[in-house]
Amino acid sequence: MTGGLLLVGGQASVVRANLDRSDWREAGPATGLMVSAAAVAGAAGVVVWLTTRQGPAGAGRVASGPSMDSPEGQRLVWLSRTSNPWLHMASAVTGFVALAAAVAAVGGLVDPLPALILTAVFALASVLVLGCASVQARVGEDGLRVSFGPFGRPARHWALRDIESARVERRTPGQVGGWGYRLSGLGTTVMLRSGECLVVRAKGKEFAVSVDDAERGAALLNSLRAKPLR
């Protein structure tokens with residue numbers, strides 16, 4: 001919502017600056033309107049966060065982590081991947097804006113410097129959103145590895161000896177402050193869809209990732225942790 005208001009406000013600023021002008025070089029300044037649009041978008045974001053930060057009743061933590069029997073002599077691996085189509089769409093939209101601004105600057109349709117700045121900002125936003133639009137979690141004898149984006153980079157890794165516990169917990173975007181990579185009172189959460197999350201506690205800090213079949217991933221982690229370290 002905040003991003004949409006910012007985009008609409010920016011477009012309105014450009015239109016207002018060029019209104020009743022026969023040539024784009026005669027356009028008036030749009031800085032004031034852009035600042036106002038950014039302020040409105042920021043205020044809307046704050047309102048949304050204040051109204052959604054409380055999760056629904058009944059959402060809470062699982063008292064104890066699941067476990068499973070791990071046969072001797074067998075190496076078990078758990079994999080799960082989740083993606084968010086809305087974040088993929090947002091990445092595509094911001095990438096298109098960056099490309100359009102670059103083409104306009106190269107073609108001489110707009111002032112090059114502001115267009116290049118706009119290109120850099122939206123290109124960076126597109127890459128960052130794409131990196132948070134999908135996630136893959138892997139549990140094995142080397143611990144837990146969480147990879148981001150279409151190329152599995154960047155990634156975070158926790159060794160078995162550093163993991164204190166693993167459990168399943170239902171979380172919503174309202175509880176953690178939105179979509180993507182979020183920091184909140186619950187710790188770090190990679191939120192791509194509402195529902196069950198794999199939650200691990202390592203070195204006194206909690207990390208959660210919203211992936212399918214989270215219970216089996218937590219059970220395997222607890223089973224591997226219970227074995228003597230080689």
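**Close-up views of a predicted model**

Asn222 is buried, because its relative accessible area of 13% falls under the 20% cut-off. The model shown in every view is predicted.

View 1. Asn222 belongs to helix H6. The side chain of Asn222 comes to 2.9 Å from the backbone oxygen of Ala166. Between the C-alpha atoms of Asn222 and Leu160 the separation is 9.2 Å, although these two residues are 62 residues apart along the chain.

**View 2. The open sheet of four strands.** The strands follow the order E1-E2-E3-E4, and their pairing is antiparallel. Which strands stand at the edges? They are E1 (78-83) and E4 (155-158); each has a single partner strand, so one side of each has no neighbour in the sheet. On average, neighbouring strands of the sheet are turned by 10° against each other, with direction ignored.

**View 3. Pairing of strands E2 and E3.** Strand E2, residues 134-140, and strand E3, residues 143-148, run antiparallel. How many bridges join E2 to E3? The number is six. Arg138 has Arg145 in E3 standing opposite.

**View 4. Helix H6 packed on the sheet.** Helix H6 spans residues 214-226 and packs on the sheet, where it touches E1, E2 and E3. The direction of helix H6 makes about 35° with that of E2. The buried residue Asn222 lies in this helix.

Methods
Residues numbered from 1 in each chain as written. Predicted model: local features only at pLDDT ≥ 70, side-chain atom pairs only at ≥ 80, totals over all residues. Heavy atoms only, no water. Pairing = 2+ DSSP bridges. Helix = DSSP H or I, 4+ residues; strand = E, 2+ residues; numbered from the N terminus. Axes fitted to C-alpha atoms, helices over the stretch in contact; angles between N-to-C directions. Contact = heavy atoms within 4.5 Å. Buried < 20%, exposed > 50% of the residue type's maximum accessible area, 1.4 Å probe, protein only. Polar contact = N/O pair within 3.5 Å; in protein donor to acceptor, adjacent residues only side chain to side chain.
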